[in-house]
Amino acid sequence: MSKRRRKFTSEQKFQIVIEAIKGERQISEIAAQYQVHPNQISNWKKQFLKREQLF
């Protein structure tokens, strides 16, 4: 059986990205908390900083 993909709302992505930008914790720690791959958080962060849509 395969895993089902999780879908994050724009608000959830925004919250995760803001935590990553603050730099109080490492991206790997944030990723573990939200059960997201660290690369995904980095991608969302890049998109946010370029002012692209996150959804």
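This is a predicted model: local features need pLDDT of at least 70, side-chain atom pairs count only at pLDDT 80 or more; totals for chains, interfaces and linings use all residues.

Guide: Residues are numbered from 1 along each chain as its sequence is written, and side-chain values use heavy atoms, with hydrogens and water left out. The pLDDT, which is the predictor's confidence in each residue, from 0 to 100, averages 90 over the protein chain, and 91% of the residues score at least 70. Confidence is lowest in helix α3 (residues 38-49), at a mean of 94, and highest in helix α2 (residues 27-34), at 96.

I41 counts as buried because its relative accessibility is 0%; buried means under 20% relative accessible area, exposed over 50%, and partly exposed in between (1.4 Å probe, protein chains only). Leaving aside its neighbours within four places in sequence, I41 is in contact with I16, A20, I27, I30, A31 and V36, contact meaning heavy atoms within 4.5 Å. I16 is 25 residues away from I41 along the chain, yet the C-alpha atoms of the two are separated by 7.3 Å.

The C-alpha atoms of A20 and A31, 11 residues apart along the chain, are separated by 9.5 Å.

The helix that holds A20 can now be followed as a whole. In α1, the buried residues are K13, I16, V17, E19 and A20. They cover an arc of only 155° around the axis, which puts them on the same side of α1; the arc is that of the directions from the helix axis to the C-beta atoms. What covers these buried residues includes α2 and α3, whereas the face of α1 turned away from its buried side carries the exposed residues E11 and K22. The 13 residues of helix α1 (residues 10-22) should span 18 Å at 1.5 Å a residue, and the end C-alpha atoms are 18 Å apart, which agrees; the expected span of a helix is 1.5 Å times one less than its number of residues. After α1 comes G23, whose phi is positive, near 75°.

In α2, the buried residues are I30, A31 and Y34. They cover an arc of only 100° around the axis, which puts them on the same side of α2. These buried residues of α2 pack against α1 and α3.

Phi of Q35 is near 55°, a positive value in a residue other than glycine. Most residues other than glycine have a negative phi. With a relative accessibility of 63%, Q35 counts as exposed.

Back in helix α3, where N43 also lies, a relative accessibility of 38% makes N43 count as partly exposed. The C-alpha atoms of N43 and V17, 26 residues apart along the chain, are separated by 9.5 Å. The 12 residues of α3 should span 16 Å at 1.5 Å a residue, and the end C-alpha atoms of α3 are 17 Å apart, which agrees. After α3 comes R51, whose phi is positive, near 65°.

The secondary structure of the protein chain comes to three helices and zero strands, and along the sequence the pattern is α-α-α. The radius of gyration of the protein chain is 11 Å, close to the 10 Å that the globule rule gives for 55 residues, so the chain is as compact as a globular protein of that length; this radius is taken over C-alpha atoms, and the globule rule is 2.2 Å times the number of residues to the power 0.38. Of the 55 residues of the protein chain, 24% count as buried. Among the contacts in the protein chain with a separation of 6 or more, residues 24 or more positions apart account for 46%.

Key: Helices (H or I, at least four residues) and strands (E, at least two) are DSSP runs, numbered from the N terminus.
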